[in-house]
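Colleague: Please take me through one part of this model in detail. I would like a close look at how two of its elements pack together.

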Amino acid sequence: MSDILFIISIILYFIAAVILFIRLKGSIQSSSNKKLIVEISGLIALPLHAYLLYESMVNPAGLNLSFFLVLSLAAWLTNFIVLTVGIW
């Protein structure tokens, strides 16, 4: 189950990144539909990413704060801040 959620969150992040890259490059005009797709994919990917982080970090022995999990947590926090600032 977590493998499927992992793949879904990666695909959603990738879709958002590609649309943002195309908009920044200037190949397409900025429209509200593209912004909505980026926001929706981000709003779906963030909770999936948070759930997967929680599942990986919290265990009966305590917190697993390995390098890559902390790096992923920092990436999640960055995405959360960028998404919330971008929505308002």
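**The helix pair**

Modeller: From α2, the residues Lys 35, Glu 39, Gly 42, Leu 43, Leu 46, His 49, Ala 50, Leu 53, Ser 56 and Met 57 meet Leu 69, Ser 72, Leu 73, Trp 76, Asn 79, Phe 80, Leu 83, Gly 86 and Ile 87 of α3. Contact means heavy atoms within 4.5 Å. By class, this contact has eleven nonpolar, six polar and two charged residues. Ala, Val, Leu, Ile, Met, Phe, Trp, Tyr, Cys and Pro count as nonpolar, Asp, Glu, Lys and Arg as charged, and the others, Gly among them, as polar.

Now the geometry. Helix α2 covers residues 32-57 and helix α3 residues 67-87; their axes come within 10 Å and cross at roughly 150 degrees. Axes are lines fitted to C-alpha atoms, for helices over the stretch in contact, with angles from 0 to 180 degrees between N-to-C directions. The two helices are therefore roughly antiparallel (angles over 145 degrees). The crossing of α2 past α3 is left-handed, meaning that the near helix is turned anticlockwise from the far one by less than a right angle.

The setting is a chain with three helices and two strands. Helices (H or I, at least four residues) and strands (E, at least two) are DSSP runs, numbered from the N terminus. Their order from the N terminus is α-α-β-β-α. The C-alpha trace spans about 50 × 25 × 20 Å along its principal axes.

This is a predicted model: local features need pLDDT of at least 70, side-chain atom pairs count only at pLDDT 80 or more, and totals for chains, interfaces and linings use all residues. Residues are numbered from 1 along each chain as its sequence is written, and side-chain values use heavy atoms, leaving out hydrogens and water.

Terms used. Parallel < 35°, antiparallel > 145°, perpendicular 65-115°, else oblique.
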